[in-house]
Amino acid sequence: AVQTATAWRAGGGGIAALLCQGLAYTALERWPEAATAFENAAQAGERAQDRRRANFWVESGNSWLAGGDPAKARRAFDTALAANLLSPQMQGEVHLDRARASVAAGDVAGARVDLDRGLALVPADPFAWYLSAALARRQNDLALARTDIDKAVTLQLYDVKHPTKLLRTTNTSPDGTYAFRGLKPGRYSVVLELSEVDVALGGRS
C-alpha cells in the first residue's frame, strides 16, 4: 500500500495520494512517516484552501503522539485549532488529544488547561471525564478524581426481547441520576459500562 500511495503521489495524486500514504504508514504503525504524510497533506490543503486541512493536522498530531513525539504533536494540534475550521465538538476532542500530549511532555499544568477546555466543549464525552479523573489522580486531587469518574459512568439501554441490540447510551449526571427520554412502553435493561481510569491518559481504545 505504501508503494502504491508513493507512486500515486509521484504521479501527481495530490492531497488524496498524501492521505493514502498517511493511512498506509498508519496501518504499519510507522508513525513518523504517517505524521509527515498527513502534515504534507495539511500544507497542501492550506495552499489549496481545502477546508479539510485542519483535520489533516489533527491526524498528523495523533500520529506524532503515537510515535512518541509530544512536542510535534502539540504543534500540529495548535495549527489545527488555529485554522478555525473545526466544529466545536472536534475542537473539544483536539483539546483532549493535546492534553494527552502535554502529559507525555511532562506539562501537567498545560494538560489541565486543555482538559478543562475540552470538557467545556464536549461535556457528554465519558472519555473526557476519564482523562480528567486520571490527571487529577496524578495531581493527588482525589476528590476531583472521584467527582470526575462519577460523571464518566456510561449506561447502555437494551430491549429485553433483544438483549444484544443496543438502543441508546447515556451518562449519569453529577448527582448520579440518569434518564432515557422518549422511550416507547416496554421492558428494558440497563447495563453499566466503566473503563479503567488508570489507563485513560494513555489513549483511546
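Angles under 35 degrees count as roughly parallel, over 145 as roughly antiparallel, 65 to 115 as roughly perpendicular and the rest as oblique.

## What you're looking at

This is a predicted model, where local features need pLDDT of at least 70, side-chain atom pairs count only at pLDDT 80 or more, and totals for chains, interfaces and linings use all residues. Residues are numbered from 1 along each chain as its sequence is written, and side-chain values use heavy atoms, with hydrogens and water left out.

## How confident is the model?

The predictor's confidence in each residue, from 0 to 100, is called pLDDT. Its mean for the protein is 87, and 89% of the residues reach 70 or more. Over residues 195–200, though, the pLDDT is below 50, and this stretch has twelve contacts in the model beyond near neighbours in sequence (contact means heavy atoms within 4.5 Å).

## Helices α4 and α6

Helices (H or I, at least four residues) and strands (E, at least two) are DSSP runs, numbered from the N terminus. Axes are lines fitted to C-alpha atoms, for helices over the stretch in contact, and angles run from 0 to 180 degrees between N-to-C directions. For α4 (residues 53–66) and α6 (residues 88–104), the axes come within 11 Å and cross at roughly 25°, so the two helices are roughly parallel to each other.

On the α4 side, the contact uses Asn 55, Val 58, Asn 62 and Leu 65. Residues of α6 that take part include Met 90, Val 94 and Asp 97.

## Helices α8 and α9

Now for the other pair: the axes of α8 and α9 come within 8 Å and cross at roughly 165°. That makes α8 roughly antiparallel to α9. Among the residues that meet here are Trp 129 and Tyr 130 in α8, and Leu 142 and Leu 144 in α9.

Most residues other than glycine have a negative phi. Glu 29 has a positive one, near 55°, and is found in the loop between α2 (14–27) and α3 (31–48). Asn 140 also has a positive phi, near 60°, and its place is in the loop between α8 (126–138) and α9 (142–151).

Are these residues buried or exposed? Buried means under 20% relative accessible area, exposed over 50%, and partly exposed in between (1.4 Å probe, protein chains only). Glu 29 is exposed because its relative accessible area is 57%, and Asn 140 counts as exposed at 62%.
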